[in-house]
Structure formats: C-alpha cells, structure tokens
Amino acid sequence: MSLTRMFKILRKDLALGPRSPIFLWAIILPFALTLILQVAFGSLFAAKPRMAVVDEGASEITASLRKMDGIELTVLDTPEELKKQVKANDVDAGLVLPRGFDDAVRSGEKPLLELYIGGESLSSNRLILSVTTLDLVREVEGTAPPVDVRIENFGNEGLPVSVRLVPVIMMYALFIAGAFVPSSSLVEEKENGTLSALLVSPVKASEVLVAKALLGTILAFVMAFMTLVLNNALGGQPLVLVLVIVWASAFSAVLGIVIGTAAKDSASMFTLVKGSGIFLFAPVAFYLFPEWPQWIAKLFPTFWAIDPIWQVAVLGKGLDAVWVDLVVSLGIALALVPVIGVLSRRMQRVLVAE
Amino acid sequence: MTEAAIKVEDITYAYGDLLAVKGISFEVQPGEILGFLGPNGAGKSTTIKMLTGQVAPKGGRAQILGADITLDDPDIQARIGVCFEEKNLYLAMSAKENLDFFASLYGIKDPDSLEILRRVGLADRAKDRVKTYSKGMRQRMMISRAFINKPDVLFLDEPTDGLDPVTSASIRATIKEEAARGAAVLLTTHDMFEADELSDRVAFINDGVIVAIDTPENLKLKYGKRSVKIRLRNGSGVREETVALDTPQSGELLKEVVGSGEVLTIHTEEATLEDIFIQMTGRGLVG
C-alpha cells in the first residue's frame, strides 16, 4: 500500500468536498441541529437576569451581587438613569440602595427599598431577582431564614434535557460526516466510473478505501469537536477527549466504507443508510430516556463509539472509565475489516460486469 | 526478436454461467497497433478488463511487458494507459486538474499537462471544468489522460465511438503518434474504417473467439473478393455492371461488358473488413 497515492486521493477528495452537496450538508447539519436544540431548550441563548443598582452607600448587597455568576449586574449613578434603563428594558430590574441602608437594616429600622421591575422582562427573571434581593437583605440583617426548606426533585434527576441531547447531535456530526461522506464519495466514484480509472492506474482498491476512510475520519473529528465546543461540553481531559473523538470518527468511517462498498449506486446507498439508520442511532435514545433499561443500548455497535465521548466530554470522566468501550469498538471495527474485503472484491466484480 | 508487449495465451472469462471470452490468444509487439474488431458483446471490452487488471481471467495466462497480469503489479500498471469506452472523468475538476491528479498517482512530479492537452486540442479549455465539455471534448480528454504517463502499452476501448469525423481523425492521428513513439496499442472498435486505417493487424472477435487475425491487407487478399464496377451509357439512361476479378472468366467477361456500350466510369472494388467479418461470422459489426 502506497501512503503517497493514498494521500493524493485524500487531497483530491478534500479539494472536491466543497463542491459536493453531501459534504456541505455534513458540515452544516450539526451546527444547525445545535442551534435549533439550543434555542428550543434555552441553554445557549438563555440570557442571565439583568439587574441595575444605584448604590449611594457602598452596600454589601452590591458586593454580593457582583460575585454572582448567574446575574448580570450594572451599577448606575442616579435613580433617574436606572428608571430610564428599566423602562427601556435594558435591564430586568433596578434597585436603589440609599446611603446607610445596610446599617438601617441591621438596626431593625425596616428602611424603604426601591425595586423597579421592567414590564417586558421574563417572569422567571423577575422572580430570580426579587428572591435574590430579599435573600441578600436577610444576609445583611444577619438572621436565619424563618423556615426550613425540604427540596424534593420530580422527573429525571441529573442532567438537563439540553445536555442529554448532546449525543444526538454528536451522532449526526459523527455519522453524517464520518459514514455518509465517505460512502457517498465511494458510490459517486463507482457511478461515474472514476473508480475504474483509478484501479487501472497503480492505485490499489485498498488505497482508495483507506483514503475515503481518512476523509470520513478527519471530517467527523472536526465536526464532532466543533459540536462539543458549541455545546460547551469539552470535559476536563482534553487529550482523552481527542482520543475518544478520533476513535469514534474512525469507527464511523469504517461503517461508512462498509456501506459504500456494499451499495451499488446512490439509490441502494440511501436505502442502506435509511435501513440502518434506526440501528445506528438507537443508542442515543437511551441517553434521552435514562429511565429505560440502559443495557439495551449496549446491544448496538454505535453505542461503543458514542459512549466514550459522553463519558469524557459530558460526565468529565477519564480513560479508566472508557477503555472497555474502546476495546469493544476496536473489536467491532476489526471484525468489519474482512467484511470490507469481501464487499470490496464484490464491488470490483460488479464494476467490471457493468 | 523483441519481446511482445502484450502476450495472451488461451484466456477465458465468464460472467456467471455466460462465457464471454473463450480461450483467445494473441500478441502485440511494441509500436504495433492491433485492432480488435467485433460487434457489441463479442468480448472485446472484457479482454481489455482482464489485461488491465480490472478482473482476473478464469483460465489461461497473459503477460503485459513480461509480467503476469494476475500479479497486479503497480510498476506494470504505471506503464500502461487505458482509455475507457465510458467517459469516466472527474467532472467537477478542470481538464488540467484531472491530468495533474492522475499524473500524481503515476508518480510524475512535473506533468506537462498543458502540452498533452494541446496535442488533443484542449489547451485553451484547460482550466474549465470537464462538466462544461462537449462529448467530443470529453473523449479527447479521455485520450489525453491515457497518455499522461507516456505508456508503453495503450488500451483504447472504442476511442472514437460516436464522434464527428473531424474529432475522430484528430484522435486517430494522436494514436498513430503514440504507436510511432513505440507504444503497443490494443484498440477495440466496431468501426471497420478505423480498424483498417489504424491497425497494423486486426483480430476479428466474435462470441468470445478470435476467428481471424492478420494484417488488413492479408485478410482482404485471403477472404475478400475483388471486383470492377462499370457504369455505361444506356440510351438516355445509365446502367451499372459489376464483374468479379477472381474467376477464370473474369477477363472475357470484362472485355464483353466494356465493349457493350459507352463506358462512363470504371472502379475497382475490394472487400471491406466488414464484408469479410460478415462472410466469416454471418453477422455484422454493429449491434
């Protein structure tokens, strides 16, 4: 096998990629899905509650608000400016803290606190800012809350839906770019006859297949990594994350080569992709519904490629938690190599017979 | 004696139960053009597919440049050029990009793609994407791609099929140049004029079997029937007589016809390769 020829084919495919609708679709789809899901579930574009403060006496409340990550604080000079900004919906609420406010609270004077609420602000933001303000006043006063609060969770404990959707987007990023792009590229070469032209040159079929697999691996890696960045799910171990993404990308590319060698033409490739789609994507449903029996997900080959990414990127685990997954997926990929060999020989026979 | 560039001994190939090539043997010397003449489905393209390593023969053996074709040797593949009947070019790439890419697969560092395109009259469209090319331009592009590695053996499968006479003539001239350079050329065609004009020898292939192989002249002499066509004035009209030249009575008959009226024209006629093919196989070259 010649690495030089392989890279020449890969370079050609990368150069032709932007001229292919499927290649462009593979790039756009994960971004579009991320955007749609984040808008729907609110994590990417959910703005923090915005509070404006006029502090005439260096109150502890202002200092505490500054330390809160969940609130966007603006300190203004005059109550007039504050009211103007609240009315204009530049902030959700405005608080005027008069000189000596903290001392008055501590001495039990019950001073007047002016809180202005924007009529167009979200109810959730109003509630957050009101409750936060009262809590901070109580802190200044130095008294304990008058009640004990027992918190009870309903529904799924743990990760929010927006996070559990990350594997769905990852599957699209990995398998559209990693499997669909190389398989469609191979099928296109078959349909246009260019594969025959390659095979009468010094190029071997194995070099073409490896080049296509590399194309899928590179594209899937870039798309998967970018998707995780967009979803703010990079975990805490960048090297392990890169390893598991590279591996999942290569795994999806191997599946792509199986589909590409098995499919005679575009129609049969789309049939194969549609037919195997449920089988490929089934594992991600188990992340969405953690109450389902999770062992069922392990029956699907793609689980072993996607789960390491979930473990490392989302749950922040390390190599020790995913090595079994990696070994199983390696075993599956190795088992597919002879299948690809058989399909490749059949593919060449079909090419000749046409 | 020079070693044959292509040496084929009793090779066979079958598509399932259908035996497409039934034990054919032939040789092509360096600088020689062998025309493979036969109708569609005769086994011409299958023979090329075997010799170019696209498929392994079911039986027999064949050598290209001294190497067994079943070895799938990249060094040998690097010395052959193939022009397919199907126009299998990268349509989204320009002509120059196509040639440069294939040159790189052959390990050619600085390919003179523009010069090759100039030879086939495409230099001024070198940077245009192939999908904007006409059928004739794509065929010229196919020929130029087959030449990119200055091959020692050229396989040309119907290189002028469906082209206009001017483009066909241009492509034939280029093929002759390659043979003159020393390339062994195996040319498949069902165009008798092309085979006659280009080939040093022709092989008639029918139903997977070579029924005759020789120079066009020898085939015509051996199997053809020569005749003379005479047009005479006949009152206010014209009549036409044909006299066969290969019978003992030919001289007497010719004298009699010529003396029977005012001769307007006399033409000698010889059998075409198609006539001979039909005579030998009972079927035509087309279809």
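This is a predicted model: local features need pLDDT of at least 70, side-chain atom pairs count only at pLDDT 80 or more; totals for chains, interfaces and linings use all residues.

Student: Why is helix 8 of chain A called roughly antiparallel to helix 12 of chain A?

Tutor: Helix 8 (residues 166–192) and helix 12 (residues 266–288) of chain A pack at about 165°, with axes 11 Å apart. That angle makes the pair roughly antiparallel, because angles over 145 degrees get that name, under 35 roughly parallel, 65 to 115 roughly perpendicular and the rest oblique. Axes are lines fitted to C-alpha atoms, for helices over the stretch in contact, and angles run from 0 to 180 degrees between N-to-C directions. The helices themselves are DSSP runs (H or I, at least four residues), numbered from the N terminus.

Student: Which residues of helix 8 and helix 12 of chain A meet?

Tutor: Among them are A:Phe175 and A:Phe180 in helix 8 and A:Phe270 and A:Phe281 in helix 12 of chain A; contact means heavy atoms within 4.5 Å. The residues of this contact divide into 15 nonpolar, three polar and one charged. Here Ala, Val, Leu, Ile, Met, Phe, Trp, Tyr, Cys and Pro count as nonpolar, Asp, Glu, Lys and Arg as charged, and the others, Gly among them, as polar.

Student: What makes helix 8 and helix 13 of chain A oblique to each other?

Tutor: Their axes come within 11 Å and cross at roughly 125°, helix 13 being residues 303–314 of chain A. The two helices are therefore oblique to each other. A:Met170 and A:Leu174 of helix 8 and A:Ile309 and A:Trp310 of helix 13 of chain A are among the contact residues. By class, that contact has nine nonpolar, no polar and no charged residues.

Student: Why are helix 8 and helix 10 of chain B called oblique?

Tutor: Helix 8 (residues 216–223) and helix 10 (residues 273–281) of chain B pack at about 55°, with axes 10 Å apart, and are therefore oblique. Their contact includes B:Leu219 and B:Tyr223 of helix 8 and B:Ile276 and B:Met280 of helix 10 of chain B.

Student: What lines the largest pocket?

Tutor: Of its 35 lining residues, the closest to the centre are A:Ala205, A:Ser206, A:Ser344, A:Arg345 and A:Gln348. Helix 14 of chain A gives the largest share of the lining, eleven residues. The lining divides into 22 nonpolar, eight polar and five charged residues.

Technical notes: Residues are numbered from 1 along each chain as its sequence is written. Chains are lettered from A and ligands numbered from 1 in the order in which they are written. Side-chain values use heavy atoms; hydrogens and water are left out. On a 1 Å grid over the protein atoms alone, a cavity is a set of points where a 1.4 Å probe fits but cannot get out, and a pocket is an open set with protein on both sides within 12 Å along at least five of seven lines; lining residues have an atom within 4 Å of a point.
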